[in-house]
Amino acid sequence: MTAAALVRSVVHPWSAGRTSARRAPAATGRRRARAAVLTAVVAVGIAHVWLAVVVETSRPEWRDPEYFHRQKRLTAVARWRDMNAPTRPLIAIIGGSRPQMGLSPEGLELGTGPTDPFPFDCVQSGAIPVGERLNLARLLASGVAPEYVLIEVLPPVLADPGPMEYRIPAPRLGYADLARLRPYHSDPGKIPREWARARVKSWYTLRVPLLANWGCADLFPPGPNRSDALWADMRLFGWSPFYPADWPAARRAVALDVARKTYSWLLADFRVTPVNDRAYRDMLGECRARGARAALFLMPESPTFRGWYPPAVRGQITAYLAGLSREFGVPVFDASGWVDDEAAFMDGHHLLGPGAEAFSKRFGRECVGPWVKSVKNEK
Amino acid sequence: MSLTLLANSAADKGPASEFLYFRWLHDLLPEPFFHTQAFLLFFLGVFVLYWSIPRKWQMTRIWVLVAASFNFYAAWSAELAFLVTTTTLADYLFGRLMDASRRQGLRKTVMIVSITMNLGILCYFKYRGFFLNELHDALVRLGRDPEYAKLDLKALALFVPFGISFYTFEAISYAVDVYRRKIRAETSLPRFLLFILFLPHLVSGPIVRAGDFLTQTRRPKRWNWVRMQVGVQLFLMGVFKKMAIADRMAVFSDPIFQNPQDYNTGAVWMAVLAYAIRIYCDFSGYSDMAIGLAHLLGYKLTNNFNMPYISANVSEFWRRWHISLSTWLRDYLFIPLGGSRGSRWLNYRNLMITMTLGGLWHGAAWSYVLWGVAHGLLLILHRQFKDFAQARPRLDAALQTTLGTGFRVLLTFFCVCLCWVLFQPNSPPTEKFPLGRSGLEKALTMYERMFSLHLGLALPLHNRSLWYTAGFVLICHLVVSRGLWQRAYARIPGPVLGFGYAVCLCAAMVLAPDSGSSFIYFTF
C-alpha cells in the first residue's frame, strides 16, 4: 500500500471494508487489526494527555508529592480555619529538610485561642533557596493567604553557584512553575525543553511518584527518587519527624561525613551568589506586596557542623542577613547555636524527633510567639 | 603475530568516531536499545520513509533499510560498522565464488575461508582477552615468563562489535548452505547486506537463516494491517517483558549476584528465581521487540522462545529456549559431528561438544563454558532416564499424568535455575575486590550460600513485587499453554485489543524500575 492509500484508508476506513462476501473474513481481520492499531495509538496519546492535564490541575501531588501533599493539607486546614476560626492567622513555614524534620508546628505551642496562629510546615527537602521561592509562589497562587511567613535560611547554600537548572527535577514542575523559575536559570530554555520531554512520556517520568501515590511505593528500592518517606507519614501540620529506634554514633559519623562533603566546599570559598540573593529578596518582596509578615530563621546545627564555618564566613552571613533584615524590615531568628548535643542530630544539621520537639518548644517560646505578639501589638 | 603484539594491540581509543556525522549520530542514538525514546523516533523516521516509497521500488526500500541499519550500528561505533559491512561484502563475494565454481575442492576451500574469516574476527574481538589471559596464567603457573601483561577485559569488552556472535553465525550458516547447495548464493548485494545488517536482528538476533530471509527480500512488501497489528502487539509485549518484568527482577537479582557473600540463604534462593525470570523476559522481550519491528517493516523473523519454563525436560527446554541458536547448533554443529547417529557414547560426546561450545558462544568466561557443560550433562542424564523410564511402563505412565508432568516441569525448572547461577560474566575490579571476580567464583559462592544456612542481608526490595511478578509470569504461561488466550484473542474486538495495547505500554512505563538495565544478551 502506498502512502496515499494508507492515508485514504485511515481517513475513510469504511472504503477499505467494501469487499466481496467471499473475502469477508480477511477483510474483517484487516478491519479489526486496523482498529486495534489505531485505537492503541489514540489511547496512548489520550492517556499521556490525560496524565499531563491531571498533574497540572487536580493531582499535582502525582508529580511533586512532597510539596503538594503538604499544600493540599494546608488548603484543608485553611478552609477549616475560614469556617471555624477566621480570626486565627496562618503561619506558613517555608524551607528545606531541616525544618521538615526539625521544626514541629504543634511543638511551637502557640496556643489554641481565637486569635492564636496556626503554623504549618510547607517545606520540601532540598528546596533552598530557589525551591523555597517556587514553593512560596505556588502557595500564594493556590489561594491560601498566610498572614505570617517563616523563611528558612541554610547558610552554606547561600554560596551555591548553581546553575539552578539542576536543583529541581523538571518532571516535578508544573507549567506555571516554568515561568516562576525562569529568572533564576542561567539557560532559560533548558528546563522548559526538559519539562516538555518529560511530559511526552509522563507515565514513565512520573512512575515513582505515581506508584507512591497509589500505595505501591515499595515497588522501588529506596533511593534519591523516592520521597514517600518525606510525606507519607507527615503529621497534621506538615512535620515529618524521624524517631529511629537506635541511631548509633557510627551511623551518625557516616551521615556527618556526607553532610561535610555536601556543604564544606561551599563554606571554603564563601560568597553569597546573586541568584540566591535574588531568591530571598523576591520572597521577602512578595510577602511585603501581599501584606504577609515575613521572618528569616536559621535552624540549629551541631557543634561539629558549626566548626566547618571559617570565622569570617560566619560574620559574612550575619552581615548579609542583617542587611536583608534592615531592607525589608524582617526579623532574623538565628537558632544555629541553640543545640550543643551532637546526639540530638541525625547528621549534624537534621534534628532527630526528640531534639526537634525540644527545639520547637523553645523556638515558639522565644522567637515565633513574641514575634507574632509584637506584630499583633503593632496592628 | 607474537603473543606480545597480539596482547598489546587492544584499541587505544573509545568506540566513538572522530567524524562529526557519526558523533552527531551517536548523540541521536546513544544506546542501541529498541525501547528507548531515541530509537523509537529513529525507527519512526525509517518506518515512514520506508512505507512512503512505492511498492514497485522494492530495491530502493531495501537500500533504505540497509542505510538505516548501517547508521543504527554506526551510531554506536562507525569503525565497527564499517568492519561488519566489510566482512559482509567478503561473505557476499565468497558466496558468489562458491556458486560460480563447479569444482568441489574450490568450493570447499572458499567455504572454509569464509568460516575461518568469520570465526577469526569473532575470536579476535570476543575471545582474544580470555584466551591470552588464560595462557598468561598457565605460563606463570609453569614458571615461564609470558612476556606480556594480562589484558584488561573490561576495556576490551568496549571494542567487541555488538551482535558479533549473532551475525557471525548467520554468515557461517549462509556459507555452509551455499556450499551444500541448499540455497543459491545471493546475487543482489543490497539484499545480502540487508540479510546480515537488518536492524531488528542485528544486535541480538534471532539468528536468521539466509533461505528464510532472502526469499522475503524478493517479495515486494504490501502494507498489511494484520501484520502491523502483529508487529505492534509483539513489540509492546517485548517492551512490557523488558521494562516491567526483566528490569524489575534485576533489582532483586543483580546486587545479590554481584555480592552473594553478603546475603542470607533465603535471599540468594529468591535472587536465583528472580534471575531466571529476568533472563527469560529480558531476552524473549528483546526477541519479541525485534520480531515486532521486523513485522512493521514487512519481514518475518523466526520465533525465538516458546514458554521454555513449562518444559517437562531439558531436551524440551532447548526446543523452547533461544530456538534460533539451538536449531543453529543442531544443524551446523551437532549433526555435522554425527548427531544422534552411532553409538550412545558418540552421541553423548556430540552433545557435550555442542553444549560446551554453545556455552562458550555466550561469553568468554569459564562460567559460561561450565554452564554449557552443565546443560550437556543434563541432556545426557535426561536421555538415560528416558531410556530407563521407557523400559518401565508403569513409571513412564505415572510420569505422563498431570501430576507427573507437573513434577517434571518443576524439576526441570529447578535444574535450569541451578544452571543459571553459572550464567554470569566476570566482574570488573571494585574497592572490595581489587582484582575483580570471575563469574565462576561468584557462582561457587552462591552455591555455597544456597546449600548451607547463612545469615546476612535480606532482599534489597520488598519481596511482594517478586512474588507478584512470578505469579503473573506463571499465569501467563498457563493461560497460553492451555489455549485459553488463543480462543479469547480471536473474539476480542479490535478497539478493545487496541485499548489493551495502550494499557500494556502505560503499565510497562509505570512499572519500569528506577534504573533500567542493559539487555543481558546484548553482551553476547
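## Charged and polar pairing

In this predicted model, the rule finds 1 salt bridge across the interface of chain A and chain B. The partners are A:Asp218 and B:Arg464, whose side chains meet at 2.5 Å, N to O.

Across the interface of chain A and chain B, 7 residue pairs are in polar contact, with both residues at pLDDT 80 or more.

## The chain A side

Four elements of chain A each give two or more residues to the side that touches chain B: helix 1 (3-11), helix 3 (24-56), helix 9 (202-205) and helix 10 (207-213). Helix 3 of chain A gives the most, with 15 residues.

By class, this side of chain A has 23 nonpolar residues. Another 7 are polar and 6 are charged.

## Extent of the interface

In total, 36 residues of chain A are in contact with 37 residues of chain B. The size of an interface is often given as the accessible area lost when the parts come together. Here chain A and chain B bury about 3100 Å² between them. Carbon and sulfur atoms account for 68% of that area.

## Confidence

For the complex, the predictor gives an ipTM of 0.85 and a pTM of 0.87.

Chain B has a mean pLDDT of 89, and 94% of its residues reach 70 or more. Residues 1-14 of chain B have pLDDT below 50. Beyond near neighbours in sequence, this stretch has 21 contacts in the model. Where pLDDT is low, the predicted coordinates should not be read in detail.

How values were computed: Residues numbered from 1 in each chain as written. Chains lettered and ligands numbered in written order. Heavy atoms only, no water. pLDDT = per-residue confidence, 0-100. Contact = heavy atoms within 4.5 Å. Buried area = accessible area lost by both parts, 1.4 Å probe. Salt bridge = Lys/Arg side-chain N within 4 Å of Asp/Glu carboxyl O. Polar contact = N/O pair within 3.5 Å; in protein donor to acceptor, adjacent residues only side chain to side chain. Nonpolar A, V, L, I, M, F, W, Y, C, P; charged D, E, K, R; others polar.
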